[in-house]
Amino acid sequence: MARRASFQPQTDPKAPPRGCASSGCEKHGEFRAPKDRALREYLWFCLEHVRQYNSGWDFYRGMGEAAIETAIRSDTGWQRPTWPLGSLGGSARIDPDLMADPLGILRDTALHEKRRAPPRHEAPPELRAALGLLELEWPLDPATLKSRYKELAKRYHPDANGGDRSTEERLKDINRAYSLLRQRVGRAEPAQPMHAG
């Protein structure tokens, strides 16, 4: 069975044993305990007295709230400087040559697929319903928008349907969608929205 390593500092085996730092104790001081907050000097106790000493010792005793908060934050990074995740210690950047894949091992991974694929142009969320109504794809140019609007306006106008007013609501929706898209795409010889009636 493996023996657990001791975290006590190594002492010279030829040195005489230390006595317990507790007054009146005749046992050997085998266990160390910090003398102060600096943690550079130690007292040596027997097992019974080190337990008593440690139960009453408070690292933060005498410190204000701000000093305690600073000490706790420093301890979370083991008293070493830290940086936000991904910044690599400030302004350092990863050298693209270090990330090169000359043998093509990672060629079929999602990472490289994302690099190879042309950027997708998704429609802004507020325009998706209007694009769906007019059956158009994003990105959109003014000429395509205008021709699609004219085509749908002719198809759903009540006059083109023998005075049938059932398509009037659909034409109103098409007019609203066209107006919204026209504002975002830009105006190139704007067509006037057709009104039912």
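1. Helices here are DSSP runs of H or I of at least four residues and strands are E runs of at least two, numbered from the N terminus. Please keep in mind that this is a predicted model, where local features need pLDDT of at least 70, side-chain atom pairs count only at pLDDT 80 or more, and totals for chains, interfaces and linings use all residues. Residues are numbered from 1 along each chain as its sequence is written, and side-chain values use heavy atoms, with hydrogens and water left out.

2. For the overall layout, the protein chain has six helices and two strands, in the order β-β-α-α-α-α-α-α from the N terminus. Of its 197 residues, 23% count as buried (under 20% relative accessible area; exposed is over 50%, partly exposed in between, with a 1.4 Å probe and protein chains only).

3. Back to α4, whose buried residues are L127, A130, L131 and L134. Viewed down the axis of α4, they fall within an arc of 105°, so they line one face of the helix (the arc is that of the directions from the helix axis to the C-beta atoms). These buried residues pack against α5 and α6, with contact meaning heavy atoms within 4.5 Å. On the face of α4 turned away from the buried side sit the exposed residues P125 and A129.

4. Finally, the α5 and α6 pair. Their axes come within 10 Å and cross at roughly 170° (axes are lines fitted to C-alpha atoms, for helices over the stretch in contact, and angles run from 0 to 180 degrees between N-to-C directions). That crossing makes α5 roughly antiparallel to α6, a label for angles over 145 degrees. By class, their contact has 11 nonpolar, one polar and three charged residues. Among the residues of α5 that meet α6 are L145, Y149 and L152.

Technical notes
Angles under 35 degrees count as roughly parallel, over 145 as roughly antiparallel, 65 to 115 as roughly perpendicular and the rest as oblique. Ala, Val, Leu, Ile, Met, Phe, Trp, Tyr, Cys and Pro count as nonpolar, Asp, Glu, Lys and Arg as charged, and the others, Gly among them, as polar.
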